[in-house]
Amino acid sequence: MSNAGISISKPIGDLTDDDYPAVFDINVGTNFEVMRAASNVMIRGGRIIAITATIANDYFAPGLALYGASKAAVNGLVQGWSRDLGPKSITVNAIVPGPIDTDMNPDRSWYARRLKKRVPLGRYGQPKEIASLVSYLASDEAGFVTGRKE
C-alpha cells in the first residue's frame with residue numbers, strides 16, 4: 001500500500017519553482033516507486049493499493065490545482081498498471097476518499113466546516129474506515145477488483 005502525500009495550497013501566481021517537484025516527487029514519485037517495487041517482487045498474484053484523494057476530480061477551493069493534479073496522476077498510474085499487471089493476477093486499485101481526519105487534514109481545522117458540507121454524510125471520515133477498505137481490497141475476496149478508484 002502506498003499512502004504518500006503532501007499538499008502545497010497556493011494560487012498559481014504564488015507557486016515557486018520548488019513547489020511542483022516537491023508535490024509531484026512525494027505524491028506521484030513515491031507512489032510510482034512503491035508500486036513499481038511491489039510489482040517487481042510479485043511473481044504471480046498480489047495486491048497494490050494507493051490512497052489518493054477526491055480532489056483529483058473535484059477542486060473545491062482555489063489554490064489546490066497542484067495537489068489535485070498529483071493525485072490525478074496517481075489515479076492514472078493505478079488504471080494503467082492494473083492493465084499491465086492483470087495478466088500476473090496482480091490487482092491495482094486506488095482508494096479515493098473524501099476528507100479524512102488526519103494530521104494533514106484535521107476535522108477541527110478552519111476549513112473543515114466547509115468540507116463537511118460537501119460530504120453526503122456531513123462529516124469527516126476516520127482512518128479506520130479507510131483501513132477497512134484497504135483490508136477488503138487486500139483480501140482474496142477482492143481478487144476480481146482491479147483498476148478501480150473506490
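Me: Is F24 buried or exposed?
Reply: In this predicted model, F24 is buried, at 16% relative accessible area.

Me: And Y20, what's its relative accessible area?
Reply: Y20 comes out at 49%, which makes it partly exposed.

Me: How far apart are Y20 and F24 in helix α1?
Reply: They're four residues apart in α1 (residues 19–41), so about one helical turn separates them.

Me: How are the rings of Y20 and F24 arranged?
Reply: They're stacked, because the planes sit at 25°, under the 30 degrees cut-off. The ring centres are 4.5 Å apart.

Me: How many aromatic pairs does a search of the whole structure find?
Reply: Two. F32 and W81 also form one, and that pair is tilted, with 40° between the planes and 5.5 Å centre to centre.

Me: Where do F32 and W81 lie?
Reply: F32 is in helix α1 and W81 is in helix α2 (residues 65–85), so the pair ties together parts 49 residues apart in sequence.

Me: Buried or partly exposed, for F32 and W81?
Reply: F32 is partly exposed at 27%, while W81 is buried at 19%.

Me: Switching to α4. Which residues are buried there?
Reply: I130, V134 and L137. Seen down the axis of α4, the buried residues fall within an arc of 65°, so they line one face of the helix.

Me: Why would that happen in a helix?
Reply: An α-helix has 3.6 residues a turn, so residues three or four places apart point the same way.

Me: What do the buried residues of α4 pack against?
Reply: Strands β1 (46–51) and β2 (90–95).

Definitions and conventions. Residues are numbered from 1 along each chain as its sequence is written. This is a predicted model: local features need pLDDT of at least 70, side-chain atom pairs count only at pLDDT 80 or more; totals for chains, interfaces and linings use all residues. Side-chain values use heavy atoms; hydrogens and water are left out. Buried means under 20% relative accessible area, exposed over 50%, partly exposed in between (1.4 Å probe, protein chains only). Helices (H or I, at least four residues) and strands (E, at least two) are DSSP runs, numbered from the N terminus. The arc is that of the directions from the helix axis to the C-beta atoms. Contact means heavy atoms within 4.5 Å. Rings of Phe, Tyr and Trp (its six-membered ring) pair if their centres lie within 6.5 Å; planes under 30 degrees apart count as stacked, over 60 as edge-to-face and the rest as tilted.
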